[in-house]
Amino acid sequence: MTQDQIILFSLFAGVFALLLWGRWRYDLVAFAALMLGVVLGVVETKHAFDGFGHPATIVVALVLVVSAGLVRSGAIYLITRTLVDSTRSLGTHIAIMGTIGGVLSGFMNNVAALALLMPVDIQTARKAGRAPGLSLMPLSFATILGGMATLIGTPPNIIIASIREDAVGEPFSMFDFAPVGGLTAVAGLIFVALIGWRLIPNREDAHKAVSDMSAYIAELTIPEGSKQIGKRLGELEDAAEAADVAILGLMRGGKRRYGAARNSLLQSGDILVLEASPEALDEFRATLGLAFAEREREERVKAAGEGLDLVEVVVTAEARIVGKTALSIGLSWRKQTVLMGISRAGHKITSQIRKTQVQAGDILLLLVPKGTGPEVTDWIGALPLADRGLAVTQDSKTWLAIGLFVAAVVAASVGLVYLPIALGIVVVAYILLKILPLTELYDHINWPVVVLLGSMIPLGAALENSGGTELLAGALLSFTDAMPAWAILTVLMLVTMTLSDVLNNTATTIVAAPVGIEMARALDVSPDPFLMAVAIAASSAFLTPIGHKNNTLILGPGGYSFGDYWRMGLPLEIIVVTVSIPLILVFWPL
């Protein structure tokens, strides 16, 4: 093993270890590794930033912008409003939502597809009177499966196509993934719709946590001159019960009072700690004449607009507020917004709400100046749980947006236009036709993913140029010596799938794809079946909530625990391997 190989393997080991640890965000870890690689001389300075101009990076960014344009035009909600009905049985609902999610994720980023459909699914569950956790995991898995079918459905496919272009001179086209990825996705969707959802743990405590997804740990303040001053906290129980509010405690001077809190005499400035839905919270506040927050904070919010709105958002792993508090990011003075409540399934919140560190998967209840909900949500980096009130541009532009996107896909598929150029033209058209506001253009790009790709691609190229991938391929071939071709592909898939379950699928693909190519070269066969095996495996992260962003997004709203995913995910991964290996050998022979 050469010195460069030792350094590069050490860098990748460090990256993987830090990603597993999760203390620092993956884009920072990847960029730091790239800079260290340059300093140590294993990445040439002139090639250090090649990844940021790489077609794979550009396509990922453009797909997210095009997805946003389709949303703003009303194209997506036109589909969901037409097909979703809360009166259907759970199995039928899962089958329909899974099909919609699978199809959408084939033509837009699968994270974006879930982000669009998750609020619809939660609202449908509320109307049907069932726990959202019964359908959110099937929806997440369906959107992951659907991304396997096309080039732009998921970042691993885009990366695989670009690596193939570097290796053999021609990338995979838009629908080259469909024969294997599409049929595998169909098999997976059938399992999820008929059997998989029944394997989700039917735990009473989990169902209680999600039975009312709008229940928050929230705070209301006793204002000056309130009629409640001088009363004992226990005297508010009747009003609380009538409004369906649970009084959890009293906070005074920034400290929670326990034990005899119910006998405490209420004072001006006391904070009531409550558990309630937004509607119940507001009813309780109005009945007793309470304030949403400390007087100065509430007045600041009112002064910023003509009224107040309550908005609900779910926190993503990349949100600005993750690991921080509302106080530390200046939510109040920067955006005139008050954090009213936090919903965190399975965990108690004992500190003051605005001083509580927010976690990915938390649901936040925000008090915002009227009409500013979308702006505040985007600034935080969260996803809307309730209707954000975003008006579609014009009904006439819905079909225009769809038509432009379809034309670009067709043109790229038949080779008339290079895919990044085709998507770039769609973005320009969306801006010029005011389908997507220019001011929002860069807000819809997932910059942490762009930085991750831009950083990992040069590192992956350096590993390949140093002979490191050839070394890994030799180790795998030695392990599979004398095995038939299908067994070798299966081992490659299992190794890749295992990595993808615990690591970012983008990082997994960048390492595994060159290894697959080296294995093919050593066997003197076509690299295509090995690349397809990596593409399918890298997208099959169903065992944990950390393997894929979609699984992380549903963790809080679904009320799941870490160990809930494998119950449906393990048989699904077995099905994926069982179905895809024969399909690869048929459609992409060695």
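I worked with a predicted model, in which local features need pLDDT of at least 70 and side-chain atom pairs count only at pLDDT 80 or more, while totals for chains, interfaces and linings use all residues. Residues are numbered from 1 along each chain as its sequence is written, and side-chain values use heavy atoms, with hydrogens and water left out.

**Overall.** I looked up the secondary structure and found 25 helices and eight strands, taken as DSSP runs numbered from the N terminus (helices H or I, at least four residues; strands E, at least two). Of the 590 residues, 57% count as buried, that is, under 20% relative accessible area with a 1.4 Å probe, protein chains only.

**H7 and H25.** I then took helix H7 (residues 133-146) and helix H25 (residues 565-587), which pack at about 30° with axes 11 Å apart, the axes being lines fitted to C-alpha atoms over the stretch in contact and the angles running from 0 to 180 degrees between N-to-C directions. That makes H7 roughly parallel to H25 (angles under 35 degrees).

**H3 and H18.** Helix H3 (residues 55-72) and helix H18 (residues 447-465) pack at about 170°, with axes 9 Å apart, which makes H3 roughly antiparallel to H18 (angles over 145 degrees). I noted that the contact includes Val 60 and Ala 61 of H3 and Leu 453, Gly 454 and Ile 457 of H18.

Key: Buried < 20%, exposed > 50% of the residue type's maximum accessible area, 1.4 Å probe, protein only. Parallel < 35°, antiparallel > 145°, perpendicular 65-115°, else oblique. Contact = heavy atoms within 4.5 Å.
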